[in-house]
Amino acid sequence: MALVPCPECGKEISSAANVCPSCSFRIRKAKRGFFGFMFKSLFILFNLLMLAWALSYCAEIGELSTDLSSDAELAGAAVGGMIGSGFLMMIWALGAIILGALAYFTKGKD
Ligand SMILES: [Zn+2]
């Protein structure tokens with residue numbers, strides 16, 4: 001364990017310290033553990049997947065409504081689409097909150 005000068009106040013501090021004990025300058029970023037990294041990656045992946053799902057869902061609804069002839073069928077598709085997209089948004093929001101919270105709580109500490 002070597003002593004190095006703090007870049008902020010110049011005091012000799014341990015090279016193993018994350019934060020200068022004298023001036024609280026952050027010498028290095030807190031490291032994310034394995035779980036922190038995993039949850040952060042999952043969070044990003046989840047959002048990308050949901051975005052892909054939402055886009056393909058919108059494309060499907062658009063295709064569907066052009067095939068329908070009668071107003072009743074069109075209304076049914078619109079209602080179904082609204083319920084479906086509401087369901088999709090709910091899962092998205094819920095998943096983002098849960099994974100976001102997990103990523104937050106597993107992030108590195110000092
Ligand atoms: Zn310092």
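Predicted model: local features only at pLDDT ≥ 70, side-chain atom pairs only at ≥ 80, totals over all residues.
Residues are numbered from 1 along each chain as its sequence is written. Local features need pLDDT of at least 70 and side-chain atom pairs count only at pLDDT 80 or more, while totals for chains, interfaces and linings use all residues, and side-chain values use heavy atoms, leaving out hydrogens and water.

**Exercise 1. Work out which atoms hold the zinc ion, and in what geometry.**

Step 1: Look for donors (N, O and S atoms within 2.8 Å of the metal, or 3.2 Å for Na, K and Ca; water is not among the atoms, so sites may look incomplete). The protein supplies the SG atoms of C6, C9, C20 and C23, 2.3 Å from the zinc ion.
Step 2: Check the angles. Among the 4 donor atoms they run from 106 to 115°, making the site tetrahedral (four donors, all angles between 85 and 135 degrees).
Step 3: Read the spacing along the chain, which is C-x2-C-x10-C-x2-C. C6 sits in the loop between β1 (3–5) and β2 (12–14), and C23 in the loop between β2 and α1 (34–67), so this pair ties together parts 17 residues apart in sequence.
Step 4: Compare the cover on these two. C6 is buried at 4% relative accessibility, whereas C23 is partly exposed at 29% (buried is under 20% relative accessible area, exposed over 50%, partly exposed in between, with a 1.4 Å probe and protein chains only).

**Exercise 2. Find the aromatic cluster and classify the pair F34 and F35.**

Step 1: The whole structure has 3 aromatic pairs, where rings of Phe, Tyr and Trp (its six-membered ring) pair if their centres lie within 6.5 Å.
Step 2: The ring centres of F34 and F35 are 5.5 Å apart and the planes meet at 70°, so the pair is edge-to-face (planes over 60 degrees apart; under 30 is stacked and the rest tilted).
Step 3: Ring pairs join F34, F35 and F39 into a cluster. F34 is exposed, at 59% relative accessible area.

**Exercise 3. Locate the helix that gives the nonpolar surface patch its largest share.**

Step 1: List the members: W53, F87, M90 and I91.
Step 2: Assign them. Helix α2 (residues 71–105) gives the largest share, 3 residues, and M90 lies in this helix.
Step 3: Check the exposure of M90, which is exposed at 55% relative accessibility.

Methods:
Tetrahedral: all angles 85-135°; square planar, octahedral: opposite > 155°, others 65-115°. Helix = DSSP H or I, 4+ residues; strand = E, 2+ residues; numbered from the N terminus. Patch = residues over 30% accessible without salt bridge, like charges linked within 9 Å, V, L, I, M, F, W, Y side chains within 5 Å. Areas by Shrake-Rupley, 256 points an atom, 1.4 Å probe, with all protein chains shown as cover. Salt bridge = Lys/Arg side-chain N within 4 Å of Asp/Glu carboxyl O.
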